Amino acid sequence: MIKTVAIQGVKGSFHHIVSQQFFDKPVDVIECLTFDTVVDSLISQSCDAAIMALENSIAGSIIPNYALIDKYNLHIVGEHYLDIQHNLMALPNQSIEDIKEVYSHPMALLQCKEFFKQYPHIKLIEDKDTAEVAQRIQVKQLRGVGAIASTKAAEIFELDILEHSIQTIKHNETRFAIVKRTNSEVPESEINKASVKFETDHKRGSLATILNVMSDCKLNLTKIQSLPIVETPWKYAFFVDITFEKYIDFKKTKSIIEIMGEGFKVLGEYKNAKR
């Protein structure tokens, strides 16, 4: 049973919200300001699982998190999609005109940059976490300073929301991975999605050949992400998400790609959250 979960951010962050929504029973959270610390908490067994954002429908993949999962041989045991609504908040009794600076995570600032074009007097400053900024504003009673965070953060840290849903694209989803030290969370009969990693040589058509194998084995490619292999310049590893109806089709694919591809690794086998 999962009792403690490491999250990037503090209570009120989107990772915290996922911890409340994904698990059947309440879990305690370990707050970490960086994903490296999240991984350290998992490896040191300070927690039972971790939550890591992998991609956003507006800003794309969070590539360093793929690398962390791969580097430390962690396993994705589940996924969760969260509707991300960014809200501008500050201490009570202020208007947007009173706000001189807004701090938030770079991803949040990127998703909301169009909104702030109408307020050129506001300086946008990158910070480590959305909800942590909200917390800091409350603790230090920072007037004239705004945060971009969830309604949950505004509730926890008693801030007023000056404007709701300020992200440029209103349908804004982030995909989060539930990560553990072992890959044994979901019964084989319920597994219908997997994340894998492999490398290819420089021969023409090497990648296409592997993708054709997946198609021939009735697998549906939902995502492919390349990542440079630091030790070998101009060579890339590919992180691929695939869905399937029958686990036996995935097993067949694994056996073939293990022969064809270099460095094949299963990063996780789990239930498809989009079904």
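Start by selecting Phe115, Phe116 and Tyr119: together they form one aromatic cluster. Before moving on, note that this is a predicted model, where local features need pLDDT of at least 70, side-chain atom pairs count only at pLDDT 80 or more, and totals for chains, interfaces and linings use all residues. Residues are numbered from 1 along each chain as its sequence is written, and side-chain values use heavy atoms, leaving out hydrogens and water.

A search of the whole structure turns up eight aromatic pairs (rings of Phe, Tyr and Trp, with its six-membered ring, whose centres lie within 6.5 Å; planes under 30 degrees apart are stacked, over 60 edge-to-face, the rest tilted). Zoom in on Phe115 and Tyr119: the ring centres are 5.3 Å apart and the planes sit at 45°, so this pair is tilted. Phe115 has 11% relative accessibility, so it counts as buried (under 20% relative accessible area; exposed is over 50%, partly exposed in between, with a 1.4 Å probe and protein chains only).

Next, select Tyr247 and Phe250. Their centres are 5.9 Å apart with planes at 65°, so this pair is edge-to-face. Tyr247 and Phe250 are both buried.

Now hop to Tyr81: the charged end of Lys274 sits over its ring, 4.5 Å from the centre (NZ of Lys or CZ of Arg within 6 Å of the ring centre and within 35 degrees of the ring normal).
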